[in-house]
Amino acid sequence: MSIWVSRRSANMPYSVRNADGDELYFVHEGTGTFYTEFGPIPYEPGDYVLLPKGTTYRIRPAVPENYFLIVESTEELGFADIGPFGRRAPFDPTLLYVPSPALDELGDGRNEDGEWPVRIKSQNEYSSVYCEFDPIDVEGWKGDLFPFKLNIRDYRPVMSDRIHLMPSAYAVFATPSFMVGNLVPRPYETAPDAELVPAVHRNMDYDEFTFVHRGPVMGLDVAHAGMSLVPRGRHHGFPEQMQKELRKNFKPGDRNEMQIVFVDTLRPLPPSPELLDTRRKGEHFFEGGRGRSDAQ
């Protein structure tokens, strides 16, 4: 699997088709439409748009400022196992937006020769075929393989009064080797003996990637579209002094208003040189100040 960022500002002058795997777009910023051979899918901030392997599509932004976080998977990306929560939790599947066929009447996607190029990704390389017709002009479809969207606001958080739940409780999508989830607004735990601040911890099985979409995190202002990657085995958490300040400032009825997308992966997730060039250097404190490292 891999994670990408796209800042597309103009219409795609071609269609694309990924023969390597599924693509999951998270819309951090912008509005517009995914035109697919299954029909159009309008997008807005907070949307997850899942495009199964082999889906032909192109994107038409309605505004110049767009920001997509893209998770690409060679494994089939489905919904995480929700276990005993039941079919209507933590989201109602009837809220999924499933497209119906509709012709892209504006006709973009053609080149200067009047052809419709389709860029195909296969074996991590791109090639193009050129059609004399619009490849997404489809009369109809049936079956159980289709693109869809789900907005982060339609996800209801799992809550507990006495324990701070692990992020895996908030998984939305999953494969055998990674999960994608979101941490969404919720009230803090209310039991008198509950620990409100996540303890400094380490994950020995998963690399942890997080992306800040909206809101303060534990009452702290953080940069939107900020990303972090914590490799397995690395301690991470709030510095001790910050933990004390947070606990001191909590009031009954306070809510955690964060909206964070996370990806936990069993396979190592090495950052690209382009990502490392954008990192903000700082200190990542361990419990008790016993160690530090560059934060990424």
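Modeller: Let's begin with a definition: a residue is buried under 20% relative accessible area, exposed over 50%, and partly exposed in between, using a 1.4 Å probe and protein chains only. Keep in mind that this is a predicted model, where local features need pLDDT of at least 70, side-chain atom pairs count only at pLDDT 80 or more, and totals for chains, interfaces and linings use all residues. Residues are numbered from 1 along each chain as its sequence is written, and side-chain values use heavy atoms, with hydrogens and water left out.

Biologist: Why is Gln123 called exposed?

Modeller: Its relative accessibility is 69%, and exposed means over 50%. Gln123 therefore counts as exposed.

Biologist: And what makes Asn124 exposed?

Modeller: The relative accessible area of Asn124 is 56%, so Asn124 is exposed too.

Biologist: What is the phi of Gln123 and of Asn124?

Modeller: Gln123 has a positive phi of about 55 degrees without being a glycine. For Asn124, also not a glycine, phi is positive at about 65 degrees. Gln123 lies in the loop between β10 and β11 (125-131), and Asn124 has its place in the loop between β10 and β11 as well.

Biologist: How do you know what counts as a strand?

Modeller: Strands are DSSP runs of E with at least two residues, while helices are runs of H or I with at least four; both are numbered from the N terminus.

Biologist: Why is β4 called mostly covered?

Modeller: In β4 (residues 32-36), 5 of its 5 residues are buried. Gly32, Phe34 and Thr36 point one way, Thr33 and Tyr35 the other, and all are buried.

Biologist: How do you know that β4 pairs with β5?

Modeller: Two strands pair if DSSP finds at least two bridges between them. There are 5 bridges between β4 and β5 (residues 39-43), so the two pair, and they run antiparallel. They form a hairpin with 2 residues between them. On the β7 side (residues 56-61), 5 bridges again join an antiparallel partner to β4. Thr33 faces Pro42 in β5 and has Arg60 as its bridge partner in β7.

Biologist: What makes β9 and β17 edge strands?

Modeller: An open sheet of 6 strands runs β9-β13-β14-β19-β16-β17, with antiparallel pairing. β9 and β17 (227-230) each pair on one side only. Between β9 and β13 (residues 171-174) there are 2 bridges, and Phe79 has Phe173 as its bridge partner in β13.
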